[in-house]
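Dear colleague,

Please find below the structure that I am handing over to you. My notes on what was found in it follow directly after.

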Amino acid sequence: MMITVDIWQLVSLLLGFFGCVAGFGKLLLAQIDKRLDTRFEAQERARIEGSQGLRNDARRAACDGARAYRAASIRWSLTCGESLSAMEGRLSRVESEVKHGVGQRELSDIYDRINEVAEGLSELRGESHAVGDNVRPHPQPDHYQGMQ
């Protein structure tokens, strides 16, 4: 049995075959493109949700930090508020004198007053450390243990 095919028929068959392969390739690439688009959209949504979660966590952390700072400032104001208010009065007098203009002699007096305030503050700090040391429990000597 002998099959005869003209060259033009062979060329047209090959062109048809390659056209069919190109069509299938185009469909395959379109499906891949569609899948990549859905994947990138899902990643974008996840990124947005993650960044919103991080922002919410940062806000919560900032609020917690602000609460802790506020509590610490309240404790500070309750413990040292009286002595600080006295020093604040002295500092406000010094500031008012500075605003009204001072000469060289008054300026040395102001520096002396500022140094006095600084020394008062360091004494206050030393007293607070001394109070803290006195509040700590001290171990009892051995000769008191027999009396208990």
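Glutamate 116 counts as partly exposed, because its relative accessibility is 47%; buried means under 20% relative accessible area, exposed over 50%, and partly exposed in between, with a 1.4 Å probe and protein chains only. The model is a predicted one, in which local features need pLDDT of at least 70 and side-chain atom pairs count only at pLDDT 80 or more, while totals for chains, interfaces and linings use all residues. Side-chain values use heavy atoms, with hydrogens and water left out, and residues are numbered from 1 along each chain as its sequence is written.

Glutamate 116 is placed in helix 2; helices (H or I, at least four residues) and strands (E, at least two) are DSSP runs, numbered from the N terminus. Its C-alpha lies 9.8 Å from that of methionine 87, at a sequence separation of 29 residues. Helix 2 covers residues 104–135 and also holds aspartate 112, which is partly exposed at 43% relative accessibility.

Both residues belong to a negative surface patch, whose members are Glu106, Asp109, Asp112, Glu116, Glu119 and Glu123. Patches consist of residues with over 30% relative accessible area and no salt bridge, like charges being joined within 9 Å and nonpolar side chains (Val, Leu, Ile, Met, Phe, Trp, Tyr) within 5 Å. Asp and Glu count as negative, Lys and Arg as positive, and His and the chain ends are not counted. The place of a charge is NZ of Lys, CZ of Arg, CG of Asp or CD of Glu.

A nonpolar surface patch of about 1400 Å² includes Met1, Trp8, Phe17 and Phe18; accessible areas come from the Shrake-Rupley method with a 1.4 Å probe, and for residues only the protein chains shown count as cover. Methionine 1 lies in the segment before helix 1 and is exposed, at 98% relative accessibility.

The structure holds 1 salt bridge, defined as a side-chain nitrogen of Lys or Arg within 4 Å of a carboxyl oxygen of Asp or Glu. Arginine 47 forms it with glutamate 44, with the closest N and O atoms 2.4 Å apart. Both residues lie in helix 1 (residues 7–99), 3 residues apart, about one turn of the helix.

Overall, the protein chain has 2 helices and 0 strands, and buried residues make up 4% of its 148 residues.
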